[in-house]
Amino acid sequence: MARIYLSPPDIGQAERAFVQEAFDGNWVAPVGPNLEAFEREFAAKVGSPHAVALASGTAALHLALRLSGVTRGDEVLCSTLTFVASAAPITYLGATPVFVDSDEASWNADPALVAELIERKGRAGKAPRAAVIAHLYGQSADIDPILAACERHGVALIEDAAEALGADYRGRAPGSVGRFGIHSFNGNKIITTSGGGMLVTADKALADSARHLATQARDPAPHYEHTTLGYNYRLSNVCAGIGRGQLQGLDAKVARRRAHFAAYAEAFRDLPGLVMQPEAPWGKSTRWLSCLTIDARAAGTDRERVRLALEKADIECRPLWKPMHLQPVFRSAEHHGRGVSDRLFADGLCLPSGSGMTDAERARVIDVVRGAFGR
Ligand SMILES: *Cc1c(COP(=O)(O)O)cnc(C)c1O
């Protein structure tokens with residue numbers, strides 16, 4: 001039996017056709033018709049006026065922070081429960097991350113905690129320059145109150161929607177609310193370009209600046225002229241072709257991932273101490289990954305034993321993200337928490353959730369989890 005992966009790529013025929021067009025037109029470069037069309041189609045899909053296609057989600061975060069004016073000595077708020085890519089670009093610019101804990105409803109940044117922190121620092125005349133708020137596992141953070149707190153103190157809101165493409169927040173797409181939103185098309189995300197990212201914004205001037213910085217900040221001149229330094233961050237036109245095909249299948253991929261989650265929830269209903277990730281009342285999750293927690297006191301087993309049983313059956317699974325304030329690299333960083341993300345990391349598990357996973361493969365995962373509970 002083949003190994004079952006957590007979230008492998010799920011590629012169809014449309015992708016091949018767009019990639020073939022890139023070859024046929026000799027647009028094998030970080031410029032071309034797929035790139036322009038992918039930006040246009042993506043912007044329409046998420047309801048953001050402007051989209052800039054980039055080499056990765058991390059590159060998009062780096063540009064968003066730089067265009068928010070983040071510089072040496074600034075503080076930037078950041079979700080502590082997230083992938084390291086949310087926080088690393090803060091340090092690329094010489095700024096300092098300040099980590100905030102999750103709420104129980106969504107597992108994303110607690111809006112009350114974020115607002116309290118911005119108010120306190122703002123009143124002391126030391127408002128953070130920006131806030132990076134992650135929307136994890138396909139679910140939006142409660143972003144409206146966070147935006148309101150940011151606007152009161154001139155804090156640039158950057159939404160890390162790398163895991164939340166296709167999700168809903170009160171009728172809007174996560175990533176389209178703040179000054180910037182970023183998306184990722186890494187191989188394990190809900191759609192992939194093998195590697196890639198997107199920066200979205202409602203501000204045309206900021207989108208133009210992002211494109212400029214992403215192409216080595218070349219000024220208009222027949223020779224190469226530079227008044228500032230940029231980066232080589234543009235997405236390839238070949239990869240953009242994969243992205244165009246993937247985007248056409250997004251709604252079906254969301255539906256399939258939600259079906260996996262519903263099947264797991266149904267199959268585990270009688271398992272003591274096992275709780276599936278809640279869906280917050282303010283939106284609809286894509287269930288990019290099916291996540292759960294196991295309370296060892298009630299379960300008669302624990303997360304680690306379930307994880308090892310799955311691994312032994314050749315099924316890939318992972319604990320939830322290890323919070324940034326627990327990472328050795330950020331051990332001296334400021335952190336504001338009530339222990340929510342610490343508990344999620346101790347008890348949480350992500351199960352295979354790929355849109356290409358078959359019902360039979362999912363049944364194998366269910367059998368192993370139930371077996372670990374002695375059922
Ligand atoms: C994947 C991911 C990123 C980074 O995206 P890349 O395209 O891999 O650079 C950033 N933030 C979160 C929360 C992610 O899951």
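**View 1. The residues around the ligand.** In this predicted model, 14 residues surround the ligand, and the closest of them are Thr 58, Asp 160, Glu 163, Ser 184 and Lys 189; a residue is counted as near if one of its heavy atoms lies within 4 Å of the molecule. By class, this shell holds 3 nonpolar, 8 polar and 3 charged residues, where Ala, Val, Leu, Ile, Met, Phe, Trp, Tyr, Cys and Pro count as nonpolar, Asp, Glu, Lys and Arg as charged, and the others, Gly among them, as polar. Local features need pLDDT of at least 70 and side-chain atom pairs count only at pLDDT 80 or more, whereas totals for chains, interfaces and linings use all residues. Residues are numbered from 1 along each chain as its sequence is written, and side-chain values use heavy atoms, with hydrogens and water left out.

View 2. An N or O atom in the side chain of Thr 58 is 2.5 Å from an oxygen atom of the ligand, and a polar side-chain atom of Glu 163 lies 2.6 Å from a ligand oxygen atom; a polar contact here is a pair of N or O atoms within 3.5 Å. From Gly 57, a backbone N or O atom lies 2.8 Å from an oxygen atom of the ligand.

**View 3. Helices α3 and α7.** Helix α3 (residues 57–67) packs against helix α7 (residues 204–214) at an angle of about 120 degrees, with their axes 10 Å apart; the axes are lines fitted to C-alpha atoms over the stretch in contact, and angles run from 0 to 180 degrees between N-to-C directions. Helices are DSSP runs (H or I, at least four residues), numbered from the N terminus.

Key. A polar contact is a pair of N or O atoms within 3.5 Å; within protein, one must be able to donate a hydrogen and the other to accept it, and residues adjacent in sequence count only if both atoms are side-chain atoms. Helices (H or I, at least four residues) and strands (E, at least two) are DSSP runs, numbered from the N terminus.
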